[in-house]
Amino acid sequence: MTKNNPQQGKRAAVVINPMKSPDEHFQATITELCINAGWDEPLWLETTQDDPGRGQAAEALEAGVDVVIAGGGDGTIRAVAEVLAGQDTPMGLLPLGTGNLLARNLGIDIEDPAKAVLGVLEGAESKIDVIVAALDHGAKELTFLVAAGLGYDAAIMSNTMEGLKDRVGWLAYVESGIRNLRGEPVTAHISMDGKSETHHKVRGVMVGNCGKVMGGLEIFQGAVPTDGILDLMTFSPQQKFGWLGVVAGVLGRGKSRAVRSLAGKRAEITLSSPQEFQIDGDPVGLVSHLLVSVDPLALTIKMSASSEKKSESEVSGRQSHTSPQLLLSSEN
């Protein structure tokens, strides 16, 4: 029975990766949720191998929907966000992937798809930052919401076995991480808000918009996607047990020469040789130059008030849209 609701006449679009759909009845389930919440029947748009969500998001905007719900993994969510960034139409999250990193950082339910959709239909709008990344002097431009990486972490993403990921989830990345521990270090020249420095024997560079990455690990302490700041970290394991120093530095257990951190609004990274690059978990290819900048509060998110409060409660030691500051974990 349809409820009388002041939302009547509103319509959502669902841009969904069909490979991530829980079952063959999922569309009917979401349609029923929308109708029972007082919304019209949703516009259902499935992604394809050739178009992971951008074209579908553009079609949803043209249809004049009130919210675009991105259903799938972080790749689908990022593709939809690239289209919606800077637009008035909000995005809702229906996390169906392995990592669901943005949803985790925002406190959105990742275990119950129906609850996540209800959170969108009944929730309020808020805004988050996005990071714009120009690759190899503008040869390609991408937007990301959680984190991007050059080197080691990108090699993990590129070499994770899909079959294993389907069986054990994010633990498949751990297996790939062990296989990729060995590698050639590079020199990274980094400029953050105009201040330049050189990092030697670097195995990886990570840039974050949020604090948490795979497995709930908080790589960037206190980082939230509403502070107008991007966080950058390089890790340079030293000698035989160097990765222990990296782990200690990442977990914040004292200073470590193996890990160095910076924060600001714009960073330029030049590597001595091309490295694997990943963006929100999606492998992109080899990159030797990266320019990243914050687009503050560019994306409108629609989610439940409880999710928003949970996300805000995790902020520690950093105020929204503070002035950028340089954070060094070791000396140059």
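A salt bridge is a side-chain nitrogen of Lys or Arg within 4 Å of a carboxyl oxygen of Asp or Glu. Side chains of opposite charge can pair when their charged atoms come close. This is a predicted model, in which local features need pLDDT of at least 70 and side-chain atom pairs count only at pLDDT 80 or more, while totals for chains, interfaces and linings use all residues. Residues are numbered from 1 along each chain as its sequence is written, and side-chain values use heavy atoms, with hydrogens and water left out. The structure holds 6 salt bridges.

**Arg260 and Glu197**
- The side chains of Arg260 and Glu197 meet in a salt bridge, at 3.1 Å from N to O.
- Arg260 lies in strand β12 (residues 259-264) and Glu197 in strand β9 (residues 195-202), so the pair ties together parts that are 63 residues apart in sequence; strands (E, at least two residues) and helices (H or I, at least four) are DSSP runs, numbered from the N terminus.
- Both Arg260 and Glu197 are buried, a word that means under 20% relative accessible area, with exposed over 50% and partly exposed in between (1.4 Å probe, protein chains only).

**Arg78, Asp282 and their network**
- Salt bridges that share partners join Arg54, Arg78, Glu82 and Asp282 into one network.
- Within a salt bridge between Arg78 and Asp282, the closest N and O atoms are 3.8 Å apart.
- This pair links distant parts of the chain, with Arg78 in helix α3 (residues 74-84) and Asp282 in strand β14 (residues 282-303), 204 residues apart.
- Arg78 is buried, at a relative accessible area of 7%, whereas Asp282 is partly exposed at 28% relative accessibility.
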